[in-house]
Amino acid sequence: MDQLDQKQLEQLKQQQAQKEQMEEIKKSILTQILTPEAKQRLANIKLVKPEKAELIEVQLCQWAKQGKITNQLSEEELIKLLEAAEGQKKQDTKVTFKRRKLSSDDEDDI
């Protein structure tokens, strides 16, 4: 039983170390591709919507790895990217009501 617990503990430690390493890599990439103002904007988003900020960070890192981002993004460029991404996700919803006429709604009763 102790051996099994030790193995699980080792695995958890390895996973934690791997997670921390990935966070460091992500921070390094973001530092290279974002100006300080853009990093602050992303930090503000992270305070309000952590899940959204995480998705944005991952997307920015992927773009940097793919070579789509070659120079540092300013705060304005980051805002434009965020607005474009938000625009793609939003879909106009339209609600239509179809009312059925009931027999008591006949106009002949007037």
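Biologist: Is Lys 65 buried or exposed?
Modeller: Lys 65 is exposed, with a relative accessible area of 65%. One thing to keep in mind as we chat is that this is a predicted model.

Biologist: Thanks! Where does Lys 65 lie?
Modeller: In helix H3, which covers residues 50-66.

Biologist: Which residues of H1 are buried?
Modeller: Lys 26, Ile 29, Leu 30 and Ile 33 are buried in H1. The cover over the buried residues of H1 includes helices H2 and H3.

Biologist: How many residues does H1 have, and what is its reach?
Modeller: H1 has 32 residues and reaches 47 Å from its first C-alpha to its last, close to the expected 46 Å.

Biologist: What does UniProt list for residues 5-32?
Modeller: An unreviewed UniProt entry lists that span as a "coiled-coil region". In the model, residues 5-32 are 100% helix and 0% strand, and the end C-alpha atoms lie 41 Å apart.

Biologist: Switching to H2. At what angle do H2 and H3 pack?
Modeller: About 140 degrees, with the axes of H2 and H3 6 Å apart. H2 contributes Leu 42, Ile 45, Lys 46 and Val 48 to the contact, while H3 brings Pro 50, Ala 53, Ile 56, Glu 57 and Leu 60. Those residues divide into seven nonpolar, two charged and no polar.

Biologist: What about Gln 40, where is its place?
Modeller: Gln 40 is in helix H2. With a relative accessible area of 46%, Gln 40 is partly exposed. The C-alpha atoms of Gln 40 and Glu 75 are separated by 8.6 Å, although the two are 35 residues apart along the chain.

Biologist: Now the loop between H1 and H2. Is Leu 34 buried or exposed?
Modeller: Leu 34, which lies in that loop, has 1% relative accessibility; buried means under 20%, so Leu 34 counts as buried.

Biologist: What does Leu 34 touch?
Modeller: Leaving aside residues up to four places away in sequence, Leu 34 touches Lys 39, Leu 42, Leu 60, Gln 72 and Leu 73. Leu 34 and Glu 77 are 9.7 Å apart, C-alpha to C-alpha, and 43 residues apart in sequence.

Biologist: Last topic, the whole protein. How many helices and strands are there?
Modeller: Four helices and zero strands, running α-α-α-α from the N terminus on.

Biologist: And what share of the residues is buried?
Modeller: Buried residues make up 17% of the 110 residues. As for contacts between residues at least 6 apart in sequence, 66% join residues at least 24 apart.

Conventions. Residues numbered from 1 in each chain as written. Predicted model: local features only at pLDDT ≥ 70, side-chain atom pairs only at ≥ 80, totals over all residues. Heavy atoms only, no water. Axes fitted to C-alpha atoms, helices over the stretch in contact; angles between N-to-C directions. Helix = DSSP H or I, 4+ residues; strand = E, 2+ residues; numbered from the N terminus. Expected span 1.5 Å × (residues − 1). Buried < 20%, exposed > 50% of the residue type's maximum accessible area, 1.4 Å probe, protein only. Contact = heavy atoms within 4.5 Å. UniProt positions renumbered as here; feature names shortened; annotations may be inferred. Nonpolar A, V, L, I, M, F, W, Y, C, P; charged D, E, K, R; others polar.
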